[in-house]
Amino acid sequence: MTQTTVTSSTTTTTTTPSGLRSLYLIRVAFSLIWVALVVTTSASLVSTDRPTVIAAVLLVIYPLWDAVATLLERRMAGTGSRDRVGTTNVALGLATAAAMITAVFSTIGTALLVFGIWALLSGAIQLVVAIRRRRTVGAQWPMVISGGLSVLAGASFAAMSASATSSLSSVAGYSAFGAFWFLVSVIALSIRSRREKR
């Protein structure tokens, strides 16, 4: 919802609300496009099915995009290698993308397991980042909620990956909720910024 952001992101005192809003809007757009592609091409695939080529590409791209978004935020903040949480999240996204490349040659269930573990860990990172940013940036309650939900969703995906009835539609729902919370965060940051200008 890290999407893991959800979304996942880095933590620094120099990150600006306006920069975060722009990046979050990009994340929202990406997630909505990703959800639309999953729903129109792969939502009917269940745990025992082998991923189609389109589904495989979508599943690999998602954690990879999260790593790229984190890198973009690090560049925006100018933290570089000093940001250990961001570095951890980038490494997690890249490792998950690599693991997903292997998983998509198996079944949807295996891919869901990999996705679930990633969602759980990236959600935990998002929680840490949001809590640390409360004083420096503010308006982080949407990201706290999103991170917590990502942890729960990740655990759920991992648990249901062995079920014959689980499908990629649940992953699409996860990404859609992630987009929602990023959008709420944009609104919260905008409201805080306007109040500070008064």
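Predicted model: local features only at pLDDT ≥ 70, side-chain atom pairs only at ≥ 80, totals over all residues.
**Whole chain.** Start with the protein chain in cartoon view. Its secondary structure amounts to six helices and zero strands, so the order from the N terminus is simply α-α-α-α-α-α. Switch to a surface view: the chain exposes about 8900 Å², and 68% of that is supplied by carbon and sulfur atoms. Of the 198 residues, 53% are buried.

**Largest nonpolar core.** Select Trp 34, Met 100, Phe 115, Leu 168 and Tyr 174 and show side chains. These are the residues with the most contacts inside the largest nonpolar core, which has 34 residues. Now colour by helix: H1 (17–41), H2 (53–77), H3 (84–103), H4 (108–133), H5 (141–160) and H6 each contribute at least two residues to this core. H4 gives the largest share, nine residues.

**Surface patch.** Finally, select Leu 25, Leu 183, Ile 187 and Ile 191. Together they form a nonpolar patch on the surface with about 330 Å² of accessible area. Which helix supplies the largest share of the nonpolar patch? Helix H6 (residues 169–197) does, with three residues. Centre on Ile 187, which lies in helix H6. Its relative accessible area is 47%, so Ile 187 counts as partly exposed; the patch criterion asks for over 30%.

Terms used:
Residues numbered from 1 in each chain as written. Heavy atoms only, no water. Patch = residues over 30% accessible without salt bridge, like charges linked within 9 Å, V, L, I, M, F, W, Y side chains within 5 Å. Areas by Shrake-Rupley, 256 points an atom, 1.4 Å probe, with all protein chains shown as cover. Salt bridge = Lys/Arg side-chain N within 4 Å of Asp/Glu carboxyl O. Helix = DSSP H or I, 4+ residues; strand = E, 2+ residues; numbered from the N terminus. Buried < 20%, exposed > 50% of the residue type's maximum accessible area, 1.4 Å probe, protein only. Core = buried A, V, L, I, M, F, W, Y, C linked by side-chain atoms within 4.5 Å.
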